[in-house]
Structures are given as structure tokens and as C-alpha cells.
Amino acid sequence: MEPHLSDGDYVITTGLKHLTPGCIVVIRHPEYQVMIKRVIEIREQGEFLLAGENNLSITSEQIGWCSREWLLGVVLITFR
Amino acid sequence: MLKKLVQFFDQGRIPAASAHCDIPCKIYDPATAQIAALTIIRLMDLIQELDGKEQLTLADQAQLARLVAQKEEHALKVKEEVRIIWGDYFKQPQFEQIPSAHELTHSIMLQASKCKQQITRAEGEALLTLVNEFAEAFWLTKGVSTFKATCPYPPAETVVYPALAE
């Protein structure tokens, strides 16, 4: 998530599950476990697509469409 | 400031989320760079052996070409391996622990380039000294003590090894 977030940074998340493209979320992915990424697209059914902030990140295709059930929180504040 | 405060209260209690920005294999070891530095010295010795001959046969010339090519390759390997540890493994806590890390890494880059340009053994020895220093620093950040010993193969130079307990 560089340059927005670096290893060791802290975030505070809200339990509210209102998503907008551009927000950063923490999810429990079935394959990648607890991960933090930015929402880039939300489709009508409520599923959303995530992406990293740099070209070293795993791709949106690798992460796949994410279910709202996986959502742990939406990032409100970051401590860098 | 706030981050340090959170860090103080964290003590592993706050769950971590990964960003998967790279494959976090977390496997770092300066041994590869040390072996590459030793190889450079060995190659320099073998080049010197050819220098002792009155005339180089075609086979000798082919051998010289191989030795020089390998010397280049291993100097690049030293640079790459050290850069990866410095760039990927070293973060703020390690830089605080090893304030000379940037300067040491840079001096390894310069010395490895000298080893590419030259065939003087002393340049290879100087590179090994720096890489050993880097290895000592690396193991210090891991909380692992080190010892020096002569490697049991040519060029039989002093190498810093981690004193790993069973």
C-alpha cells in the first residue's frame, strides 16, 4: 500500500459497512487472510473490487470480487 | 508521535492486516553475498595464475574470458543481494540499530564495482571485509551473535558466520 501506508502503520476502522470507491478497507479474504486494500469498484450486488497503491501489489484479478461478508472495517484514520 | 504512542500500547495486541505488496517470504541471509565475495577473490587468484604463464594458449584465453565473466557476475550478485537486504529487510528499527547501514551499503556498491573493473586481489579482500561487516550488522538486528572463521575452501579467507543455537 506504499506510498499511502507502510509496513507497521496503524489504522482505526469503523464497523459501518458503507463503501465508496476510493475508501480503504480491511477484509478477511479466504485466500490472503486479513488484508488491507483500496476499493476501486463496487457492483450492484454489493461485491467490490480491491487494488493496491503500487505496481508491486497483487492484482485486483488475483484478489477477485470480494463479498461484503468478508469486510472487517473501513479505514477512518491512519497513524503513520 | 501518535504512531509511537500506539506502538507502545500495541505489544502485539492489535491485529495485523497485510497489504500483500510483495511476496513476504521474509527469507534474508547475507551468506549469498559473502559467498559471492569469496568467489570474486578466488576468481582473481585464478586470473593471476594465468598471468604467470609465458604465453596463453587458446584454451587459456577461453578460460580467462570465463573467469572475467564470472567475476563480473559475482560482483553483480554481491550488489543485488546486499541491496535486497538493505532495501527490503532493513526498516526504521534496523536503521536505528545500525546507523551506518546506508553508508556501509553504499560502500559495498562502490567496492563491488571496483572488483568488476580490476583484477587486484586486495580489491576483492576489501569487498569481503565490507560484506562481512554487513553480515555482522544483519545478524545483530536478528539478535544472533557471530564469530569469525576461515572458510574451509579456497580462497580460505575470514568469514563472519552466525552462531546459531540448536
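Let's start with A:R68. A:R68 sits in the loop between α1 (60-63) and β5 (71-79) of chain A. Helices here are DSSP runs of H or I with at least four residues, strands are E runs of at least two, and numbering goes from the N terminus. This is a predicted model, so local features need pLDDT of at least 70, side-chain atom pairs count only at pLDDT 80 or more, and totals for chains, interfaces and linings use all residues. Residues are numbered from 1 along each chain as its sequence is written, chains are lettered from A and ligands numbered from 1 in the order in which they are written, and side-chain values use heavy atoms, with hydrogens and water left out.

Back to A:R68. Buried, exposed or partly exposed? A:R68 is partly exposed, at 32% relative accessibility. The cut-offs: buried is under 20% relative accessible area, exposed is over 50%, partly exposed is in between, with a 1.4 Å probe and protein chains only.

Which residues does A:R68 touch, leaving out those up to four places away in sequence? They are A:K17, A:L19, A:I42, A:G46 and A:F48. Contact means heavy atoms within 4.5 Å. With A:G46 there is a specific pair: a polar atom of the A:R68 side chain lies 3.2 Å from the backbone oxygen of A:G46. A:G15 is 53 residues from A:R68 along the chain, and their C-alpha atoms are 12 Å apart.

Now chain A as a whole. Chain A has one helix and five strands. From the N terminus, the order is β-β-β-β-α-β. Its C-alpha atoms fill a box of roughly 35 × 30 × 20 Å along the principal axes. The radius of gyration of chain A is 12 Å, which agrees with the value near 12 Å for a compact globule of 80 residues. That radius is taken over C-alpha atoms, and the globule rule is 2.2 Å times the number of residues to the power 0.38. Of the 80 residues, 42% count as buried. Among contacts in chain A with a separation of 6 or more, 52% join residues 24 or more positions apart.

Next, the interface. Chain A and chain B bury about 1,300 Å² between them, 63% of it on carbon and sulfur atoms. Buried area is the accessible area (1.4 Å probe) that two parts lose on being put together, summed over both. On the chain A side, strand β3 (residues 33-42) gives the largest share, four residues. That side divides into ten nonpolar, three polar and five charged residues. For the classes, Ala, Val, Leu, Ile, Met, Phe, Trp, Tyr, Cys and Pro are nonpolar, Asp, Glu, Lys and Arg are charged, and the others, Gly among them, are polar. The contact takes 18 residues from chain A and 14 residues from chain B.

How many salt bridges cross the interface of chain A and chain B? Zero, by the rule: a side-chain nitrogen of Lys or Arg within 4 Å of a carboxyl oxygen of Asp or Glu.

Last, the backbone of chain B. A cis peptide bond joins B:P154 and B:P155, with omega about 10 degrees. B:P155 lies in the loop between β1 (146-150) and β2 (158-162) of chain B. B:A156 is found in the loop between β1 and β2 too. Phi of B:A156 is near 50 degrees, a positive value in a residue other than glycine. Most residues other than glycine have a negative phi, and most peptide bonds are trans. B:A156 is partly exposed, at 45% relative accessible area.

Conventions. Polar contact = N/O pair within 3.5 Å; in protein donor to acceptor, adjacent residues only side chain to side chain.
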